[in-house]
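Reader: I would like to go through this structure with you before I set up any calculations. Could we begin with the terms and then turn to the details?

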Amino acid sequence: MLYWVWLCILVSWHSPLRAECPVTATGLCTPGVEETIVIDEVETIEYEADGYTVTTETTTTTTTVTTTNPDSGDILDGDAGYVSSSKYEGDMDLDWGGQGPATMPSGSGCYNLGTDKCAQITGSGNSTSTMGVSGMGTTFINTVDISDLDIENGGRTNYSIKVDKRDSQDRIYMHITGKNGNTSVFSGTDILSESGVASGYQTYENGFDFAGTITKLIIEVGGRDINLAIGPLFDDIQINVLYNVVSTIVTEHILSVEMWIAYGGSTETEVIDIVENIFEHNDVIDSSTDDFYFEPEFDEPNMDISYETVEMEMDFEIEMPEMEMADIEMEMELEMEIKEIQLDELEIEMPEMEMAELEMPEPEMEEVEMEIETEPEPEAEMEIKEVQNEPTKEPTKEPQEDMAEKPENEESVSEAETDEDQPEDMEEPEDKGENKEKPVKKPESKKEKAAKKIVKKMGDKGRYDSTNQLKTLIVMQVLGDTKTFFDSQRILNDREGFFTDYMLPDTQITNNNLAQYYLFAGSEGLINEMIDSQWQQK
């Protein structure tokens with residue numbers, strides 16, 4: 001018969017940097033690690049005739065969610081591998097192409113942007129750009145494929161651009177569109193310097209958050225040269241994409257533990273002591289192979305224990321009983337003195353009680369005096385002492401009047417007659433086995449008693465301790481007197497001339513003719529003599 005008990009425990013905790021990045025997150029998530037642990041316990045009980053087995057199977061499921069924010073680096077850098085040719089790099093050595101008129105000055109024509117080439121907006125028109133930005137006269141457009149980044153959980157696009165606007169009436173903007181294939185995911189526009197602002201030379205930095213998946217970016221830089229003098233100049237564009245990477249790892253660990261429980265004397269069950277001992281004195285260790293084993297909890301043995309220390313402890317245990325016996329003897333002597341005092345008081349009280357019994361039935365004083373002259377007191381005292389010395393016999397108490405009338409000489413005469421009537425050759429009663437010799441058990445020595453006390457002090461569970469095990473072995477050595485076992489040994493010398501260098505020949509058996517003669521001829525002669533002696537006797 002089987003029974004199942006289901007227990008489900010949910011335990012969850014998080015690292016200091018908790019990962020918070022839902023699927024619909026916009027922008028960058030907080031990097032970190034989040035762990036969720038679910039413990040599922042299934043308890044199976046199998047009943048048998050003399051007990052039952054409890055099997056506990058614990059399944060621990062650990063879900064680890066790790067969130068990071070990788071950085072693509074500058075995707076407009078030719079060494080990054082995202083732009084197909086140097087034409088679309090962010091150093092603006094070449095025209096990206098776009099809408100309206102533009103020039104690519106260099107040297108002093110770039111003013112604060114440096115002597116290398118830069119881009120200049122020269123269109124004065126006022127229209128809407130391809131990316132939907134109004135107030136446009138000239139645009140530079142660059143499309144970059146970033147599908148290799150595998151962006152699926154949103155992120156942020158950051159940009160950096162250097163601008164030198166010489167005419168305060170001009171304007172310049174930065175626009176970025178992110179797409180997943182042909183679907184627009186996000187679109188952001190920043191007006192870097194609006195018309196009427198004398199911004200001069202500036203470095204502008206900002207970014208746009210997005211969610212979900214993007215595979216390409218469209219970068220558009222545009223503006224207007226309103227007075228057609230010196231249009232806005234720009235150079236050194238950088239685009240970095242930071243995106244969320246969420247990795248989920250699920251691990252499952254199953255631990256199965258069986259425990260046998262025996263039935264006790266009642267309907268209740270109790271765990272076998274040996275099982276408790278095993279779990280109490282051992283640790284359950286999980287190995288890397290999903291197995292588990294028991295590892296003892298014993299401490300390192302106490303190296304201070306030696307033959308001499310154990311011997312001293314045994315000597316101390318031997319001396320202790322002698323001290324206890326002295327105390328016991330003193331208590332016994334005190335009890336004996338008390339009993340003697342009680343006995344004396346009893347002997348004094350008994351004659352007084354007998355006299356009182358004699359006085360009660362006889363009112364006349366003369367008769368009482370005559371009875372008292374018989375002097376029964378010594379006999380009563382003697383009988384009391386005999387009763388105390390022989391507790392197994394029940395004395396027959398005769399009436400006090402008979403004791404008073406019976407003279408002492410009658411008792412002696414009756415005793416004499418009984419002695420004469422008894423035959424001289426009458427044997428004494430046989431001994432009924434009281435004096436039969438019984439096997440005498442060899443008493444334990446003081447060392448053996450002391451050793452038992454030392455082992456008993458360890459306790460049932462303490463004897464598993466490594467220190468106590470070492471002490472037990474040394475106690476056995478002390479009892480066996482192994483310390484001086486080898487003191488009286490001596491070395492036996494080999495007999496001189498016992499070994500010889502003579503080599504016996506192989507595959508040869510030499511005949512000893514003389515030995516054969518004595519063996520066979522001698523035996524044959526003896527047989528013949530026996531035969532001859534038989535027929536000669538006949």
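Author: Strands here are DSSP runs of at least two residues, numbered from the N terminus. Ser184 is found in one of them, strand S10. Please note that this is a predicted model.

Reader: Is Ser184 buried, exposed or partly exposed?

Author: Ser184 counts as partly exposed, because its relative accessibility is 44% and that class lies between under 20% for buried and over 50% for exposed.

Reader: Which residues does Ser184 touch, leaving out those up to four places away in sequence?

Author: Ser184 touches Thr177, Gly178 and Lys179. As for Leu217, 33 residues apart from Ser184 along the chain, the two C-alpha atoms are separated by 9.8 Å.

Reader: Let us take S7, then. Why is it described as largely enclosed?

Author: Six of the eight residues of S7 (residues 138-145) are buried, so the rest of the structure largely encloses this strand. S7 pairs with S12 (residues 216-224) in the antiparallel sense, over eight bridges. Within that pairing, Asp145 stands opposite Lys216 in S12.

Reader: Where is Thr157, and is it buried or exposed?

Author: Thr157 is placed in strand S8 (residues 155-165). It is buried, because its relative accessible area is 0%. Leaving out residues up to four places away in sequence, Thr157 touches Phe208, Phe210, Leu217, Asn240 and Val241, among others.

Reader: Turning to electrostatics, how many salt bridges does the structure hold?

Author: It holds four salt bridges. One of them joins the side chains of Asp236 and Lys162, at 3.7 Å from N to O. Asp236 lies in strand S13 and Lys162 in strand S8, so this pair ties together parts that are 74 residues apart in sequence. Asp236 is partly exposed at 28% relative accessibility, and Lys162 is partly exposed at 30%.

Reader: What about Arg171 and Glu194?

Author: Their side chains also meet in a salt bridge, at 2.8 Å from N to O. The pair links distant parts of the chain, with Arg171 in strand S9 and Glu194 in the loop between S10 and S11. Arg171 is buried, with a relative accessible area of 10%, whereas Glu194 is partly exposed at 34%.

Reader: Which residues make the nonpolar surface patch of about 410 Å²?

Author: Leu514, Tyr517 and Tyr518 make it. Tyr518 lies in helix H9 (residues 513-537) and counts as exposed, because its relative accessibility is 59%.

Reader: Finally, what are the totals for the protein chain?

Author: The secondary structure comes to nine helices and 17 strands. Of the 538 residues, 26% count as buried. The chain exposes about 37800 Å², with carbon and sulfur atoms supplying 52% of it.

Terms used
Residues are numbered from 1 along each chain as its sequence is written. This is a predicted model: local features need pLDDT of at least 70, side-chain atom pairs count only at pLDDT 80 or more; totals for chains, interfaces and linings use all residues. Side-chain values use heavy atoms; hydrogens and water are left out. Helices (H or I, at least four residues) and strands (E, at least two) are DSSP runs, numbered from the N terminus. Buried means under 20% relative accessible area, exposed over 50%, partly exposed in between (1.4 Å probe, protein chains only). Contact means heavy atoms within 4.5 Å. Patches are made of residues with over 30% relative accessible area and no salt bridge: like charges are joined within 9 Å, nonpolar side chains (Val, Leu, Ile, Met, Phe, Trp, Tyr) within 5 Å. Accessible areas come from the Shrake-Rupley method with a 1.4 Å probe; for residues, only the protein chains shown count as cover. Two strands pair if DSSP finds at least two bridges between them.
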